Amino acid sequence: MDRPYIPDTCDGCPSKIVCRCLNVTEAEVVQHITRLELRTIRELRYHTGAGEGCTCCHAQLEEYLEKLGCVHEMVS
Ligand code: FES
């Protein structure tokens with residue numbers, strides 16, 4: 001499936017590309033992390049494809065995971 005061209009100057013909008021190799025947007029990453037409660041880059045790669053190329057986006061993907069990932073605290 002072809003994705004529409006999205007310009008690089010799209011900072012702050014949900015269509016901002018996070019992974020340039022796989023053309024994955026910030027909105028896709030955020031949606032998958034929150035809906036599927038993803039915790040690792042491996043899971044994110046599996047569900048979105050983000051990070052499957054050159055890997056230079058991994059640091060940014062980690063930031064999304066840290067900020068948005070669900071934290072399940074142990075309840076004793
Ligand atoms: S920019 Fe994400 S794998 Fe290259």
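Of the 76 residues of the protein, 25% count as buried; a residue is buried if 20 or more other C-beta atoms, placed from the backbone, lie within 10 Å of its own, exposed if 12 or fewer, and partly exposed in between. The model is predicted, with local features requiring pLDDT of at least 70 and side-chain atom pairs counting only at pLDDT 80 or more, whereas totals for chains, interfaces and linings use all residues. Residues are numbered from 1 along each chain as its sequence is written.

**Whole chain.** Colour by secondary structure. The protein has 3 helices and 2 strands, in the order β-β-α-α-α along the sequence. Helices (H or I, at least four residues) and strands (E, at least two) are DSSP runs, numbered from the N terminus. Among contacts with a separation of 6 or more, 41% join residues 24 or more positions apart; a contact requires C-beta atoms, placed from the backbone, within 7 Å.

**Core.** Select Ile 17, Val 18, Cys 19, Val 24, Val 29, Ile 33, Leu 38, Leu 44, Ala 50, Cys 57, Leu 61 and Tyr 64, the 12 residues of the largest nonpolar core. Such a core is a set of buried Ala, Val, Leu, Ile, Met, Phe, Trp, Tyr and Cys residues joined through C-beta atoms within 7 Å. Two or more residues come from each of β1 (17–19), α1 and α3 (58–68), and β1 gives the largest share, 3 residues. In soluble globular proteins, nonpolar side chains tend to be buried together.

**Helix α1.** Select residues 26–36, which form α1. Its buried residues are Glu 26, Glu 28, Val 29, His 32 and Ile 33, and they pack against β1, β2 (24–25), α2 and α3. Just after α1, Glu 37 takes a positive phi of about 55°.

**α1 with α2.** Axes are lines fitted to C-alpha atoms, for helices over the stretch in contact, and angles run from 0 to 180 degrees between N-to-C directions. α1 and α2 are therefore roughly perpendicular to each other; angles under 35 degrees count as roughly parallel, over 145 as roughly antiparallel, 65 to 115 as roughly perpendicular and the rest as oblique. Glu 28, Val 29, His 32, Ile 33 and Leu 36 of α1 meet Leu 44, His 47 and Thr 48 of α2. By class, this contact has 4 nonpolar, 3 polar and 1 charged residues; Ala, Val, Leu, Ile, Met, Phe, Trp, Tyr, Cys and Pro count as nonpolar, Asp, Glu, Lys and Arg as charged, and the others, Gly among them, as polar.

**Leu 44.** Centre on Leu 44. Beyond its neighbours within four places in sequence, Leu 44 is in contact with Val 29, His 32, Ile 33, Leu 38, Ala 50, Gly 51, Leu 61 and Leu 65.

**α1 with α3.** Show α1 and α3, whose axes come within 10 Å and cross at roughly 40°. These helices are therefore oblique to each other. Val 29, Val 30, Ile 33 and Thr 34 in α1 meet Leu 61, Tyr 64, Leu 65 and Leu 68 in α3. The residues of this contact divide into 7 nonpolar, 1 polar and no charged.

**Ser 15.** Finally, select Ser 15, in the segment before β1. Ser 15 counts as partly exposed because it has 13 C-beta neighbours inside 10 Å. Ser 15 and Glu 28 lie 13 residues apart in sequence and 8.5 Å apart in space, C-alpha to C-alpha.

How values were computed
Contact = placed C-beta atoms within 7 Å.
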